[in-house]
Amino acid sequence: MRVTPDEARTGPAADGPMRIVVADDAVLLREGLVRLLAEDGHQVVAAVGDGPALVEAVLAHRPDVSVVDVRMPPTYTDEGLRAAISARSQLPGAPMLVLSQYVEESYARDLLADGSGGVGYLLKDRVARVEEFLDALRRVARGEAVLDPQVIAQVLAGQRRDSALSALTARERELLALMAEGHSNTAIAQRLVLSASAVEKHIGNVFAKLGLLPDDAQHRRVMAVLAYLRA
Amino acid sequence: MTESLASAVRGRRRPGRFVIRTGRRTLVESLYLLTAPVTAGASLLLVPAGLVLATVGRLLPGGSRAVAGGLAPARWFAELERWRIGRMRAVAGVRGPGWGSRPGERADPADPGLWLDVAHAVVVFPIALVTAVVTGVWWWVGVAASTALLRAGLIPSSGTIPPETLSTGGSHSKSYIAVSVGLTSPAERLAIGTAVGLLLLCALPLVTRACAAVQVRLGQALLSDESALHRRISGLEQERDTARAQTVAAVSAEATALRRLERDIHDGPQQRLVRLALELGRAQHHFDSRPEAVREALADAIVQTQEALDELRALSRGIAPPVLVDRGLRAAVTALAARSTVPVELDADGLDGRLDPATETAAYFVIAEALTNVAKHSHARWCGVGLRHGFAGNGAGTLRAWVTDDGVGGAALAKGHGLRGLDDRLRAAGGTLRVSSPAGGPTTIIAELPCG
């Protein structure tokens with residue numbers, strides 16, 4: 001299931017404990033997250049409060065995944081996002097799940113820009129759905145792309161008519177949106193009430209229409225999501 | 001130009017009327033010119049004296065009455081001169097648009113028109129003097145010379161008299177020019193004198209018209225509606241610039257306040273609510289397996305809820321303090337003083353009734369921000385807060401709010417400081433902020449706001 005061929009990531013076992021770095025300047029949330037992750041059997045190797053500390057911790061610990069708050073000191077703007085991108089440029093493919101009080105499509109595009117996957121971008125509130133949050137974390141650790149449904153909604157709202165996606169049918173677009181949210185083929189099949197083979201066929205069509213070559217299924221998923229965001 | 005052409009044409013048609021009109025005009029203009037030095041002399045004396053009085057009034061506390069009284073003569077004399085010119089032109093039959101008087105009742109030092117009135121009062125005197133002398137002498141010589149024949153009793157005495165000599169160069173110096181024009185007979189001399197006198201009288205209308213024109217031009221330049229219009233335009237431009245600066249300040253103050261509000265919401269209630277959601281999620285997650293974890297999560301959730309409510313309360317107080325809205329500035333500032341960590345001595349007895357909401361809000365936040373600064377930066381042990389009604393230089397009502405402490409000082413109005421935001425907020429409400437904060441203290445800030 002490994003996606004990108006990079007040495008930095010060892011990849012956690014399918015259900016095993018992960019080594020995690022948490023970066024959030026709000027102590028309140030950092031503590032909550034650390035406890036939540038610990039209760040699920042994961043090991044939080046570092047909990048930091050700003051961008052540079054995140055980069056340092058990621059390079060030092062090479063965690064399975066990092067949970068990063070977008071807004072951190074000193075600028076309180078997109079510090080966390082830039083730190084995550086910077087960490088990934090030094091340690092390509094290092095999985096990052098970015099959390100924010102509000103989501104912006106352009107931020108998601110920045111995160112996915114290197115095309116190597118292993119990124120997630122979710123509203124902070126999603127941590128309340130503990131199972132889904134932990135599942136998303138695991139997916140990101142495995143190298144998938146997980147985007148918040150709100151980002152998807154923004155993409156849908158702002159879609160241009162002449163984009164590459166205009167060739168897709170409505171059903172195919174729906175399916176691509178679910179892929180962007182990080183759902184597996186099985187989950188997509190359940191949601192759309194389709195057979196697994198029908199889903200695979202649709203996905204194949206999407207890849208073909210977006211011009212993605214069948215070299216690496218998982219990587220193509222990320223590229224498809226990226227194409228979706230660029231639409 | 002068309003005026004004189006038209007009258008010239010009419011005059012050629014009816015010579016009698018032309019003579020009458022010209023004569024009347026000359027008489028009226030002469031009257032105007034000969035009386036001009038009187039009003040000009042009076043204004044030259046009284047207007048500068050009034051200015052001195054106004055200046056002194058400006059320096060003294062409570063001297064606004066003296067300022068207004070001192071500036072009034074400039075306006076009176078300008079009005080008088082405007083009236084004189086108007087009358088003269090009306091009686092002399094000169095048509096053209098009237099000037100009217102200037103808008104505005106009060107003599108306001110900020111009105112550039114007032115200074116033009118003053119300039120007119122100073123400049124007009126020498127000109128009036130010269131035109132009056134020229135007119136007077138012209139009349140005198142003209143009338144005297146042309147009536148010489150009558151005064152001599154119509155019968156010229158015979159005999160010879162020494163020749164009339166016009167000389168220049170002075171009688172004591174050795175070089176001078178003397179021209180003898182002869183005229184050794186009294187009859188000849190009388191005839192020539194009468195002729196010169198009549199010539200002068202004929203030219204008199206031209207002289208008075210020229211002299212009056214000089215005065216009218218001066219009046220037009222300094223007193224007329226046209227220049228009043230220019231002044232009005234520049235006045236409006238000034239108002240517009242002030243309004244624009246006020247808008248910029250308001251936008252900047254609002255942007256700063258909104259940004260801070262967003263930060264406060266993000267750092268406060270939003271974090272609490274996320275944490276609350278997280279704890280509830282945890283409780284749900286462990287519901288069947290670990291009751292003790294559920295209990296802990298729920299207890300934490302209650303704490304987070306309480307904290308979120310407290311923070312929201314503080315935030316809403318920061319946006320529009322309920323006590324300020326309900327009970328007014330004095331009650332709100334009393335509440336602020338009671339909450340302050342540094343002991344506050346409040347002096348707000350002079351304040352009664354409700355003020356304009358914008359004024360109340362601006363004053364409240366200035367005091368709130370200043371008290372926050374006192375608590376955070378000043379290391380003060382005492383702090384004084386005051387509110388009082390006052391009057392601005394132009395007599396309009398103001399609200400003065402001040403905060404002073406015995407702290408370390410060093411507060412600055414420079415960009416990036418908290419006080420800058422206060423300054424913007426005040427300017428948006430049409431007010432001003434003064435800060436005195438030498439290193440070592442004490443710090444005093446005074447806000448002046450317009451009210452009703």
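## A helix over the sheet of chain A

H1(A) covers residues 27–39, and together with S1(A) and S2(A) it makes a β-α-β unit that is right-handed.

Now for strand S1(A), residues 19–23. Four of its five residues are buried, so to speak mostly covered. On one hand S1(A) is joined to strand S2 (residues 43–48) of chain A by five bridges, with the two running parallel; here Arg19(A) stands opposite Gln43(A). On the other hand, four bridges link S1(A) to strand S3 (residues 65–69) of chain A, again in parallel, and Ile20(A) stands opposite Val65(A). Further along the sheet, strand S5 (residues 119–123) of chain A runs parallel to S6(A), with three bridges between them. One pairing to look for there is Val119(A) with its bridge partner Ala145(A).

## How confident is the model in chain A?

Chain A has a mean pLDDT of 83, with 87% of its residues at 70 or more. Which element of chain A has the highest mean pLDDT, and which the lowest? The highest is S1(A), at 95, while helix H10 (residues 217–230) of chain A has the lowest, at 72.

Take some care with residues 1–10 of chain A, where the pLDDT is below 50; in the model this stretch has 23 contacts beyond near neighbours in sequence. Where pLDDT is low, the predicted coordinates should not be read in detail.

## Over to chain B

Chain B has 452 residues, and 28% of them are buried. You'll find twelve helices and seven strands in it. Of the contacts in chain B with a separation of 6 or more, 71% are between residues 24 or more positions apart.

Chain B has an open sheet too, with five strands in the order S3-S4-S5-S7-S6 (chain B) and mixed pairing. Strand S3 (344–347) and strand S6 (432–436) of chain B are its edge strands, each pairing on one side only. The twist averages 15 degrees from strand to strand. Within this sheet, strand S5 (residues 397–405) of chain B and strand S7 (residues 443–450) of chain B run antiparallel, joined by eight bridges. Val403(B) has Ile445(B) as its bridge partner in S7(B).

Helix H10 (residues 329–339) of chain B packs on the sheet, where it touches S3 and strand S4 (383–391) of chain B, at about 165 degrees to S4(B). Helix H11 (residues 357–378) of chain B lies across S4, S5 and S7 of chain B and runs at about 10 degrees to S5(B).

## Where the chains meet

Finally, how many residues of chain B are in contact with chain A? There are 15, and they touch 16 residues of chain A. Helix H7 (residues 225–285) of chain B supplies the largest share of chain B's side, 14 residues. That side divides into five nonpolar, six polar and four charged residues.

Terms used
Residues numbered from 1 in each chain as written. Chains lettered and ligands numbered in written order. Predicted model: local features only at pLDDT ≥ 70, side-chain atom pairs only at ≥ 80, totals over all residues. Contact = placed C-beta atoms within 7 Å. Nonpolar A, V, L, I, M, F, W, Y, C, P; charged D, E, K, R; others polar. Buried ≥ 20, exposed ≤ 12 C-beta atoms within 10 Å, placed from the backbone. Pairing = 2+ DSSP bridges. Right-handed = clockwise from strand over helix to strand, strands pointing away. pLDDT = per-residue confidence, 0-100. Axes fitted to C-alpha atoms, helices over the stretch in contact; angles between N-to-C directions.
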